[in-house]
Amino acid sequence: MAQHLELGLDTFGDVTADADGRPLPHAQVIRNVIDEAVLADGLGIDFFGVGEHHRADFAVSAPEVVLAAIAGRTSRIHLGSAVTVLSSDEPVRVFQRFATLDAASNGRAEVILGRGSFTESFPLFGYELSQYEKLFEEKLDLFAALIRQDAVKSGVTWRGSTRAPLTNQSVFPPIESGTLKTWVGVGGSPESVIRAARYDLPLMLAIIGGDPKRFRSYVDLYHRAYQQLGKPVKPIGIHSPGYVADSDAQAREELWPDYKQMRDRIGAERGWPPMGRQEYDQEADHGSLYVGSPETVARKIAATAKALGISRFDMKYSAGHLSHEKLMRGIELYGTKVIPLVREILA
């Protein structure tokens with residue numbers, strides 16, 4: 001039986017450079033992201049995700065506003081966050097913003113909730129990093145209550161320790177279709193996988209390094225959790241970095257300097273050694289970096305989809321200063337060549 005796989009794109013609104021290598025203003029990067037999404041919509045790509053960050057190297061701190069602008073210029077592509085940092089946000093406001101996006105886009109909104117891999121939002125919004133786990137656990141619990149259809153109709157009652165309780169509180173606007181597609185973004189902890197199943201929410205695995213097949217244990221764990229709950233399993237998606245060019249050599253050479261610069265900048269904050277070319281080539285050959293010609297990238301996506309039994313693959317197509325023009329060409333190749341090839345392989 002053919003495996004149905006949705007294919008999407010993610011960006012964090014990485015601050016790109018102009019032809020002379022100068023970083024573009026954040027405002028121009030945001031306008032470029034909107035144009036990239038419009039191109040993706042025209043090419044029939046299934047999903048466009050925009051990340052949330054609060055630091056100089058990424059332009060987008062309010063994904064829903066960018067997604068609303070995209071909604072006004074597109075007609076079919078599904079639009080969501082990649083991810084919404086729920087721990088340092090207000091769940092009721094997150095629900096309201098995505099419910100509004102869902103209305104504006106005629107039912108195309110999705111939200112991917114996560115803890116985020118950066119911590120700048122905690123001091124910015126006055127949250128203690130020592131409460132990292134508790135904030136996410138409680139806020140996800142509230143969000144799960146908000147998206148239940150009966151909660152929207154009859155109001156929501158909730159109590160926790162990180163915010164004021166709610167008693168039969170109505171939240172507007174309601175989701176027109178009754179349900180907002182809500183994923184839980186997971187970076188690799190078994191507890192997070194089980195939590196997603198417990199709340200009956202689809203799982204989005206961020207696999208940004210190493211052999212994707214090593215995440216098979218998380219897929220199996222998610223399935224086992226659903227078995228024990230006696231419920232049908234929800235979809236599983238993958239988010240991984242990649243870049244498409246006309247040939248393997250071109251893709252690797254174009255991506256390498258900007259990918260290394262981005263990886264080393266973030267790595268320096270986290271105590272990682274600088275990335276060498278051998279590590280980069282290893283990730284491209286056997287790891288979770290989907291870089292190459294359309295044929296190479298398609299074969300690698302299809303292999304991951306088969307190995308993990310996923311129903312969605314989102315490629316994070318932007319990387320550091322890599323130019324808007326190169327990103328547009330990569331999106332074009334992804335939509336016109338990679339996606340048809342993946343569908344052919346999986347048919």
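User: Which way does helix 1 pass helix 2, in a right-handed or a left-handed crossing?
Analyst: Helix 1 passes helix 2 in a right-handed crossing. Keep in mind that this is a predicted model.

User: At what angle do the axes of helix 1 and helix 2 cross?
Analyst: Roughly 45°. The two axes come within 9 Å. Helix 1 and helix 2 are therefore oblique to each other.

User: Which residues meet there, helix 1 against helix 2?
Analyst: From helix 1, Ile30, Val33, Ile34 and Ala37. From helix 2, Val66, Ala69 and Ile70. By class, that contact has seven nonpolar residues, no polar and no charged.

User: Now helix 2 and helix 3. How do their axes cross?
Analyst: The axes of helix 2 (residues 63-71) and helix 3 (residues 91-104) cross at roughly 5° and come within 10 Å. That angle makes helix 2 roughly parallel to helix 3.

User: What's in the contact of helix 2 with helix 3, by class?
Analyst: Five nonpolar residues, no polar and two charged. Helix 2 brings Glu64, Leu67, Ala68 and Ala71. Helix 3 brings Arg97, Phe98 and Leu101.

User: Switching to helix 9 and helix 10. What angle do they pack at?
Analyst: About 115°, with the axes 11 Å apart. Helix 9 covers residues 248-270, and helix 10 covers residues 277-286. Helix 9 passes helix 10 in a right-handed crossing.

User: And which residues of helix 9 and helix 10 meet?
Analyst: On the helix 9 side they are Ala251, Arg252, Glu253, Leu255, Trp256, Tyr259 and Arg263. On the helix 10 side they are Arg277, Glu279, Tyr280, Asp281, Ala284 and Asp285.

User: How many charged residues does the contact of helix 9 with helix 10 have?
Analyst: Seven charged, along with six nonpolar and no polar.

User: New topic, cavities. How many of 30 Å³ or more turn up in the whole structure?
Analyst: One. The space in the largest cavity comes to about 40 Å³.

User: Which residues line the largest cavity?
Analyst: The lining consists of Thr11, Gly13, Asp14, Thr16, Val29, Asn32, Val33, Glu36, Ser318 and Leu327. By class, that is three nonpolar, five polar and two charged residues.

User: Which helix gives the most to that lining?
Analyst: Helix 1 (residues 26-42), with four residues. Val33 is in the lining, and Val33 in helix 1 is also in the contact with helix 2.

User: Backbone next. What kind of peptide bond joins alanine 82 and valine 83?
Analyst: A cis peptide bond, with omega about 5°. Valine 83 sits in the loop between strand 3 (78-81) and strand 4 (84-85).

User: What about the bond between phenylalanine 172 and proline 173?
Analyst: That peptide bond is cis too, with omega about 0°. Look for proline 173 in the loop between strand 7 (166-169) and strand 8 (181-186).

User: What is the phi of asparagine 106?
Analyst: Phi is positive at asparagine 106, about 65°, although the residue is not a glycine.

User: Where does asparagine 106 lie?
Analyst: In the loop between helix 3 and strand 5 (109-114).

Technical notes. Residues are numbered from 1 along each chain as its sequence is written. This is a predicted model: local features need pLDDT of at least 70, side-chain atom pairs count only at pLDDT 80 or more; totals for chains, interfaces and linings use all residues. Side-chain values use heavy atoms; hydrogens and water are left out. On a 1 Å grid over the protein atoms alone, a cavity is a set of points where a 1.4 Å probe fits but cannot get out, and a pocket is an open set with protein on both sides within 12 Å along at least five of seven lines; lining residues have an atom within 4 Å of a point. Grid points are joined across faces, edges and corners, and a volume is the space filled by probe spheres set on the points. Helices (H or I, at least four residues) and strands (E, at least two) are DSSP runs, numbered from the N terminus. Ala, Val, Leu, Ile, Met, Phe, Trp, Tyr, Cys and Pro count as nonpolar, Asp, Glu, Lys and Arg as charged, and the others, Gly among them, as polar. Axes are lines fitted to C-alpha atoms, for helices over the stretch in contact, and angles run from 0 to 180 degrees between N-to-C directions. Angles under 35 degrees count as roughly parallel, over 145 as roughly antiparallel, 65 to 115 as roughly perpendicular and the rest as oblique. Contact means heavy atoms within 4.5 Å. A crossing is left-handed if the near helix is turned anticlockwise from the far one by less than a right angle, and right-handed if clockwise.
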